[in-house]
Amino acid sequence: MIIFNATKRETHHPKGKFSLLAQKLRDYGKIKTNRKEITADLLEDCDVIIFGNPQTALSGKELRVLRDYVGGGGSIFIFASEGGESRSKSNINELLKDYGIRIDDSTVVRSVYHKYFHPKHALIANGIVQPEIGPEKGMPLVLDSSKAGESGLKRPQDDAVDPSASLSFVYPNGTTLIVQSPSFTLLSSGSTSYPVDCPIAAAWEGDIASCRPPAKRRQGRLVVLGSADVFADYWIEKEENYSLFTVLFRFVLHQNISFDPSLGRADFEEKEVVPDISSLANLVKICVQEDEPLPQDYKSLLMDNLFGTKMDNIPDVMDLYKRLNVPYEPLTLVEPHFERPQPSLRMATHEPKMTTPTPPALELFDLDESFLDVRNRLHKLRVKFHEDEDLNVFVEEAGSLVVPDMYQYEEWSLRGVQLSKYLLYRVGEKVRHEIVEFI
């Protein structure tokens, strides 16, 4: 039985991007999708459990169950994706650390364009590390794994063909792996992708388990592939991805295939951390010259022969005047003349002329308020003040409109008359005047 786990928010499952993969595996065994907690009872009759790029963490109990399952002869197939755990927020490396495998937080891209437009869809033509993969790519899956046996038939292999180029595949949206003993590398990123020649698929194979019946004893196996899209519906039929699918699943299903780590390569260069040159170049640096340490005797640093005045050559110079018939004259002082780009400064003899400020623009005046007659202005003022508390303010403003000669108030103010009383007096006088004219 083949189990697809779906309890950790896997991005790839039979109801999604692994529908075609599940359909192909359904011909070789029973397919089941697990949506509950992983337990020992669930894995009792399981041949392989598949994790399609999990997005949440496994519990401690589930980690122990999976370790016991692999130690008892079971198989696990783990798919990852670009960014590793930093992007998926899972703890799958906690399970893989016991087997010498770690999913890195990187992305594989193709350094040059070839056939596929997106750089993350890397076509790898020389990424086979285990030489058994090339001869085994034409062997199909077997329906009953017990009929395949574990004897291991030798497939014919062409010695003239480079084993690393025996199978080409597309590696979309994948990451790299860090592989240590006892695990071994199956695939690498090749020479045309970046990072160059880094592991992208690894496997672990344990000893023959003693917990199963003697007729079903087998080795526990673990396969980690850095890209879940390799066997997705869109990519499984591209290039030779389907041949790679048959080889890897024959391995986890114990179908007459095994890898010898001693035959594969293990000379992968370790990643080196290099400084960010572009960021360092923008930093301000102090130019400090490195000098030798000062001597104990500071007098050795003094040099007397750098400067000095000697009169030994003066007679020869005086004799040279006579031989050249040049009159000897003492040197005169030549007054230097320096060119000045600007005239010399002189004190100002007049006061600076201050310009008068310009009057405000016409738009700043309230034209309606300026051109209204007294009656309209009084009407607007009555609408504005309609409470008894505002009577004093109303009288003052209305009086200022009715009485134009407010300058006479200065004489009244000297007598101690308030402005409100003055306005009442003048308003009353204005009313009497209007009544007399009306009659």
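**Figure 1. Burial and overall make-up of the predicted model.** Buried residues make up 37% of the 439 residues in the protein; buried means under 20% relative accessible area, exposed over 50%, and partly exposed in between, with a 1.4 Å probe and protein chains only. This is a predicted model, in which local features need pLDDT of at least 70 and side-chain atom pairs count only at pLDDT 80 or more, while totals for chains, interfaces and linings use all residues. Numbering runs from 1 along each chain as its sequence is written, and side-chain values use heavy atoms, with hydrogens and water left out. The protein has 14 helices and 13 strands. These are DSSP runs numbered from the N terminus: helices are H or I with at least four residues, strands are E with at least two. The accessible surface comes to about 29,900 Å², and 55% of that surface belongs to carbon and sulfur atoms. Areas come from the Shrake-Rupley method with a 1.4 Å probe; for residues, only the protein chains shown count as cover. Of the contacts with a separation of 6 or more, 70% are between residues 24 or more positions apart. Contact means heavy atoms within 4.5 Å.

**Figure 2. The seven-stranded open sheet.** Its strand order is β2-β1-β3-β4-β13-β12-β10, with mixed pairing. Strands pair if DSSP finds at least two bridges between them. β2 (31-34) and β10 (184-188) stand at the edges; each has a single partner strand, so one side of each is left without a neighbour in the sheet. Neighbouring strands are turned by 20 degrees against each other on average, direction ignored. Strands β3 (residues 48-52) and β4 (residues 75-79) run parallel, joined by five bridges. Val 48 has Ser 75 of β4 as its bridge partner. Helix α2 (residues 60-71) packs on the sheet and touches β3, β4, β12 (199-208) and β13 (219-225). The direction of α2 makes about 125 degrees with that of β4. Axes are lines fitted to C-alpha atoms, for helices over the stretch in contact, and angles run from 0 to 180 degrees between N-to-C directions.

Figure 3. Ile 31 lies in β2. Its relative accessibility is 18%, so Ile 31 counts as buried. Ile 31 is in contact with Ile 2, Phe 4, Ala 22, Leu 25 and Arg 26, leaving aside neighbours within four places in sequence. Phe 4 is 27 residues from Ile 31 in sequence, yet 7.6 Å away in space, C-alpha to C-alpha.

**Figure 4. Strand β7 and its partner β8.** In a regular strand the side chains alternate between the two faces of the sheet. In β7 (residues 121-124), His 121 and Leu 123 point one way, Ala 122 and Ile 124 the other, and all are buried. β7 runs antiparallel to β8 (residues 169-172), with four bridges between them. His 121 has Pro 172 as its bridge partner in β8.

**Figure 5. Nonpolar cores around Phe 231 and elsewhere.** A nonpolar core is a set of buried Ala, Val, Leu, Ile, Met, Phe, Trp, Tyr and Cys residues joined through side-chain atoms within 4.5 Å. The largest has 41 residues; Phe 77, Leu 186, Leu 187 and Phe 231 have the most contacts inside it. Helix α7 (residues 241-252) gives this core its largest share, seven residues. Not counting residues up to four places away in sequence, Phe 231 touches several residues, including Phe 77, Phe 79, Leu 244 and Phe 249. A second, separate core of 28 residues includes Ile 3, Leu 58, Leu 95 and Ile 103.
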